[in-house]
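I opened this entry to record what I looked up in one model.

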Amino acid sequence: MPVRQQSFQIISSIQANLESCILGKSFEIQLLMTALLAGGHILIEDVPGTGKTQMIKALAKSMRGDYRRIQCNPDILPSDITGVSIFHPRDERFYFRPGPVMTNILLADEINRATTKTQSALLEVMEERNVTVDGETHELPVPFMLCATQNPIDFEGTYILPEAQLDRFMLKISLGYPDAETEKNLLLRHQEGQPVDRLQPVAHMDQIAAIQKEIRSVHISDVVTAYLLDIVRATRENSAVLLGASPRAALSFVMAVKAFAFLHERDYVLPDDVKRLAPYVLAHRLLLRPEARMENSNAAGVVHAILRQVNVPVQLERG
């Protein structure tokens, strides 16, 4: 099924909004849009002041829907995220008061500053798209996306995200510093105030939910699927890796490459889509052996080495 022009125009409008606020980061914006359209969650790890929070705010303002922000710290409790049941004396019954998680776009700022107990409150949210409070299950709005940020260098008062939670993030990205010309333009634009405050919505959450369903029909051939699986399985067999990518990672990978192809106005996946996204889908899921870390190996380097080793298919079939 060809990409519907109306759907592509909606996506292009959101991207244009984001690029007007976050300068010089077109590919990173594509990755954010990939996670949104694939129905996944995204972790943005970078030093302070690179625009992580602004990018998520710009995404939320570009769509008519609910947006909530949690500033994580060691004092925050699980109920501060999921919600709490409150007893009403007159009715003699408990009423559920929803937490900030009952939204379309949830920003967990500095997620690694929350305690492990509070972080675990997001596990059910990320995987099952609901919360259970006092034995009652409450469905989250559709669509729902968790965007989390963390600082890679300031580890005082932080709690490392466990592998089970990292595995629930479809993509992990980093923005990095802008180049000199981009930073100059950034200074000029911010003299008139924050660009994100001037954004207008260009889409509705119902449209995003419809596009997410549309993306499921993007074709991925058996040859490309086998190539993707070869890469995933190679992470489990690499001598530097203690814990490789899970079947959940493979499922996320498939949805991500479908969304990435859709962003490029294609209704089929190419091997190049798989190669381009592999480091962002897989690297944060890998746990390296201690001896590999001592040799200054890193997960991204391992993924790039695997991509060089796995043969790229040269013949494709269109569905």
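For sorting lining residues, I count Ala, Val, Leu, Ile, Met, Phe, Trp, Tyr, Cys and Pro as nonpolar, Asp, Glu, Lys and Arg as charged, and the others, Gly among them, as polar. I note that the model is predicted.

Entry 1, largest pocket. With those classes I sorted the lining of the largest pocket into 17 nonpolar, 9 polar and 6 charged residues. Its volume comes to about 900 Å³. I then looked up which residues lie nearest the centre of this pocket. Of the 32 lining residues, they are L166, K172, A283, H284 and L286. Next I listed the elements that give two or more residues to this lining: α6 (163-166), β10, α11 (271-282), β13 (287-288) and α13 (299-309). I found the largest share in α13, which supplies 3 residues.

I read a volume of about 560 Å³ for the second largest pocket. It is lined by 26 residues, and A38, G39, G40, R129 and R216 are the closest to its centre. Two or more lining residues come from each of α5 (116-128), α8 (205-215) and α10 (247-263). I noted α10 as the element with the largest share of this lining, 5 residues. By class I have 13 nonpolar, 5 polar and 8 charged residues in the lining of the second largest pocket.

I traced an open sheet of 5 strands, paired in parallel, in the order β3-β6-β9-β1-β10. At its edges I have β3 (67-71) and β10 (171-173), each pairing on one side only. Strand β10 also turned up in my list for the lining of the largest pocket. On average, neighbouring strands of the sheet are turned by 15° against each other, direction ignored.

How many disulfides does the rule give? I get 0 disulfides, with the cut-off for a sulfur pair set at within 2.5 Å.

Terms used
Residues numbered from 1 in each chain as written. Predicted model: local features only at pLDDT ≥ 70, side-chain atom pairs only at ≥ 80, totals over all residues. Heavy atoms only, no water. Pairing = 2+ DSSP bridges. Helix = DSSP H or I, 4+ residues; strand = E, 2+ residues; numbered from the N terminus. Axes fitted to C-alpha atoms, helices over the stretch in contact; angles between N-to-C directions. 1 Å grid on protein atoms, 1.4 Å probe; cavity = no way out; pocket = protein on both sides within 12 Å on 5 of 7 lines; lining within 4 Å. Points joined across faces, edges and corners; volume = space filled by probe spheres on them.
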